[in-house]
Amino acid sequence: MFGQNLEVQLSSARTEDTTVVWKSFHDSITLIVLSSEEGISELRLERLLQMVFGAMVLLVGLEELTNIRNIERLKKELRASYCLIDSFLGDSELIGDLTQCVDCVIPPDGSLLQEALSGFAEAAGTAFVSLVVSGRVVAATEGWWRLGTPEAVLLPWLVGSLSPQAARDYPVYLPHGSPTVPHRLLTLTLLPGLELCLLCGPRPPLSQLYPQLLERWWQPLLDPLRACLPLGPRALPDGFPMHTDILGLLLLHLELKRCLFTVEPLRDKEPSPEQRRRLLRNFYTLVTATHFPPEPGPLEKKEDAVHGAQLPRACYLVLGSKEPGTGLRLVALQLGHRRLLLLLSPQSPTHGLRSLATHTLHALTPLL
């Protein structure tokens with residue numbers, strides 16, 4: 001506030017053991033985040049604040065946040081967003097809060113599910129339908145995929161953070177698409193952990209979908225639906241060929257704003273899944289902030305075309321011991337609109353990292 005009075009913009013500060021980042025939204029709400037995590041980046045904390053404000057708009061609406069008439073009432077209304085905000089602060093298995101891309105999984109029977117989803121959406125009278133397992137999108141209609149950021153990330157995340165229910169009729173605002181007029185988010189549980197999500201207006205009533213329409217479209221697909229359940233943390237279908245050195249991967253499609261994130265290829269090896277997730281999140285932050293530029297805007301594209309040769313295509317990091325053949329490896333590779341980050345075991349030779357990453361990216365390309 002002292003800086004603002006002097007027309008100085010101050011966005012972050014550090015003490016010996018804490019990083020403080022703050023951001024003002026619409027000249028109305030200021031959010032402040034403090035982290036004592038060693039080496040945490042400001043990029044990560046800035047994106048966290050954007051997600052938190054998105055969650056507030058999603059559940060309360062922009063009008064209530066920018067035109068505050070009664071602060072006590074607003075505080076009560078904001079309690080609805082606490083559960084979602086808490087899930088950003090915990091050790092989540094998802095990564096969309098950081099990458100701003102939708103967490104996805106690849107089902108074994110994708111075309112069957114997609115066909116049923118399109119038919120169900122038409123019968124229900126809405127263009128916005130998705131199938132969500134543990135907060136990750138299994139399949140979605142074209143309308144759903146066209147949702148803007150941040151709602152495309154927030155809606156599946158919200159569904160994954162709510163306590164299980166057979167059906168819900170939940171009012172939501174779309175921070176990008178409709179921040180002041182609420183829509184209805186309908187959720188229908190097909191199997192425990194697997195939910196059908198619809199975004200619609202006043203119609204259809206929930207009673208029209210549940211149970212008649214639900215049974216008609218999804219009862220015949222019980223086996224393909226069951227095959228989606230283990231996909232939550234694994235992201236990839238059983239039998240997908242994966243090099244034995246890979247301990248975790250993050251694949252981003254920067255144009256489609258979708259990502260695959262898993263630390264489950266080989267569960268029995270060290271480090272633990274929680275540590276693997278932390279390492280990949282930190283590596284993503286490092287390469288995004290320092291090596292790979294953010295997605296260019298329309299004015300920057302011509303300039304980037306001229307300087308394209310100067311942009312890095314790959315980088316790697318060896319953690320821990322300086323002894324040869326020890327220390328976990330992290331490698332990042334960017335080709336076109338895709339960026340792949342791998343966490344590899346210490347026995348993976350550094351001279352083969354780029355080749356292994358390129359081979360893995362080519363294998364994953366048909367999936368995302």
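Predicted model: local features only at pLDDT ≥ 70, side-chain atom pairs only at ≥ 80, totals over all residues.

Trainee: What is the phi of Ser134?

Mentor: Start with the general idea. Most residues other than glycine have a negative phi, and most peptide bonds are trans. In this model, phi of Ser134 is near 50°, a positive value in a residue other than glycine. Gln100, also not a glycine, has a positive phi of about 60°. Gln100 is in the loop between H6 and strand S4 (102-103).

Trainee: Which peptide bonds are cis?

Mentor: Two cases can be named here. Thr149 and Pro150 are joined by a cis peptide bond with omega of about 10°; Pro150 belongs to the loop between helix H8 (142-145) and H9. The bond from Arg203 to Pro204 is cis as well, with omega near 0°. Pro204 is in the loop between strand S9 (194-200) and helix H10 (206-218).

Trainee: How do I read a nonpolar core?

Mentor: In soluble globular proteins, nonpolar side chains tend to be buried together. The largest nonpolar core of this model has 64 residues, and the members that touch the most others are Leu84, Phe88, Leu155, Leu185 and Leu342. Helix H2 (residues 42-60) gives the most to this core, with twelve residues. Another core, of 29 residues, lies apart from it and includes Ala116, Phe120, Val129 and Cys228.

Trainee: Which residues is Leu155 in contact with, leaving aside its neighbours within four places in sequence?

Mentor: Leaving those neighbours aside, Leu155 is in contact with Leu58, Trp144, Leu147, Val172, Leu174, Leu185 and Leu199.

Trainee: How many aromatic pairs does the structure hold?

Mentor: Three. One of them is formed by Phe88 and Trp157, with 5.2 Å centre to centre and 65° between the planes, which is edge-to-face. Phe88 lies in helix H5 (residues 82-89) and Trp157 in helix H9 (residues 151-161), so the pair ties together parts 69 residues apart in sequence. Phe88 counts as buried because its relative accessibility is 6%, and Trp157 counts as buried because its value is 3%.

Trainee: How many salt bridges are there?

Mentor: The count comes to 14 salt bridges. For each one, look at the distance, then at where the partners lie. Arg136 and Glu93 meet at 3.4 Å, N to O. Arg136 is in strand S6 (residues 136-140) and Glu93 in the loop between H5 and helix H6 (96-99), so this bridge ties together parts 43 residues apart in sequence. Arg136 is buried, with a relative accessible area of 3%, whereas Glu93 is partly exposed at 36%.

Trainee: Where do Asp169 and Arg184 lie?

Mentor: Asp169 is in strand S7 (residues 167-174) and Arg184 in strand S8 (residues 178-191), so the pair ties together parts that are 15 residues apart in sequence. The closest N and O atoms of this salt bridge are 2.8 Å apart. Asp169 is partly exposed, at 40% relative accessible area, and Arg184 is buried, at 15%. Salt bridges can also share partners: Glu64, Arg73 and Glu77 are joined into one network in this way. Within it, the closest N and O atoms of Arg73 and Glu64 are 3.2 Å apart.

Trainee: Is Cys259 buried or exposed?

Mentor: Cys259, found in strand S11 (residues 258-262), is buried because its relative accessible area is 0%. Not counting residues up to four places away in sequence, Cys259 touches several residues, among them Ile95, Cys101, Leu250 and Leu368. Leu368 is also a contact of His253, along with Arg258, His337 and Arg338, again leaving aside neighbours within four places. His253 is in strand S10 (residues 246-253) and is buried, at 6% relative accessible area.

Trainee: Which residues make the nonpolar surface patch of about 350 Å²?

Mentor: Phe2, Leu6 and Val8 make that patch. Val8 is in the loop between helix H1 (2-5) and strand S1 (12-14) and is partly exposed, with a relative accessible area of 45%.

Note on methods: Residues numbered from 1 in each chain as written. Heavy atoms only, no water. Helix = DSSP H or I, 4+ residues; strand = E, 2+ residues; numbered from the N terminus. Buried < 20%, exposed > 50% of the residue type's maximum accessible area, 1.4 Å probe, protein only. Contact = heavy atoms within 4.5 Å. Core = buried A, V, L, I, M, F, W, Y, C linked by side-chain atoms within 4.5 Å. Patch = residues over 30% accessible without salt bridge, like charges linked within 9 Å, V, L, I, M, F, W, Y side chains within 5 Å. Areas by Shrake-Rupley, 256 points an atom, 1.4 Å probe, with all protein chains shown as cover. Salt bridge = Lys/Arg side-chain N within 4 Å of Asp/Glu carboxyl O. Phe/Tyr/Trp six-rings, centres within 6.5 Å; stacked < 30°, edge-to-face > 60°.
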